[in-house]
Amino acid sequence: MKTSKKVWLIVGIAVFAIVLALLFSTYSRQAGEREQLENNLFVAQALLPKLTAQKGDLKNQLAQAQSLLDRSRAKFPQSVESIEYGEDLFEIADDCDVEITKLTASMPKEAGGATYSVSSFVVGVNGDVSDILDFVDALRAGVDFQLPWSAEVTAVKINYAGEGDSATINLDIYAYKGE
């Protein structure tokens, strides 16, 4: 069987039509994708100045927040060491039957070329005068200190009220800072 030229012509036209349809379909799809990409690019270009401005604003906010954090840190001079000192102070107060009503600490300062640090404390206590004096003596002697530190009592102000006497004690704590 021999196929005629007309059949070959029809088959050729059909193949050509199929290839043309595939090319048109591919082109249409790519044209749609290109249009979508152009729209996305347009939106991105429109957002870029706004996002750049936001980035600058956020950098300014970060700088302000960092400055505020630094100022806030300066307002809270108590260090971990002062918390540990506080634990000893509360134990000594408990042993002497006085109640600590106020405990403030200053920022530790290096002294003696990083050999030890000095922290100033103000301790408010309530109790009997004899118990308050025992507390001051215990601080001065430093017998019950669990950490390697010693205290120098710099001032004592006792308020006599009969029952429930109170005192304000200023002291410097010297702590060894080993290597």
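Start by selecting glycine 142. This residue sits just after α3 and takes a positive phi of about 70°. Keep in mind that the model you have open is predicted.

Next, step back into the helix itself. Select residues 129-141, which make up α3. This helix has 13 residues. From its first C-alpha to its last, α3 reaches 18 Å, close to the 18 Å expected at 1.5 Å a residue.

Now colour the buried positions of α3: Asp131, Ile132, Phe135, Val136, Ala138 and Leu139. Turn the view until you look down the axis of α3. The buried residues fall within an arc of 160°, so they line one face of the helix.

Which of these to pick out next? Take alanine 138, which is found in α3. Its relative accessible area is 17%, and the cut-off for buried is under 20%, so alanine 138 counts as buried.

Last stop: helix α1. Select residues 5-75 to show it, then zoom to valine 19, which lies within this helix. Is valine 19 buried, partly exposed or exposed? Its relative accessibility is 42%, so it counts as partly exposed.

Key: Residues numbered from 1 in each chain as written. Predicted model: local features only at pLDDT ≥ 70, side-chain atom pairs only at ≥ 80, totals over all residues. Heavy atoms only, no water. Helix = DSSP H or I, 4+ residues; strand = E, 2+ residues; numbered from the N terminus. Buried < 20%, exposed > 50% of the residue type's maximum accessible area, 1.4 Å probe, protein only. Expected span 1.5 Å × (residues − 1). Arc of directions from axis to C-beta.
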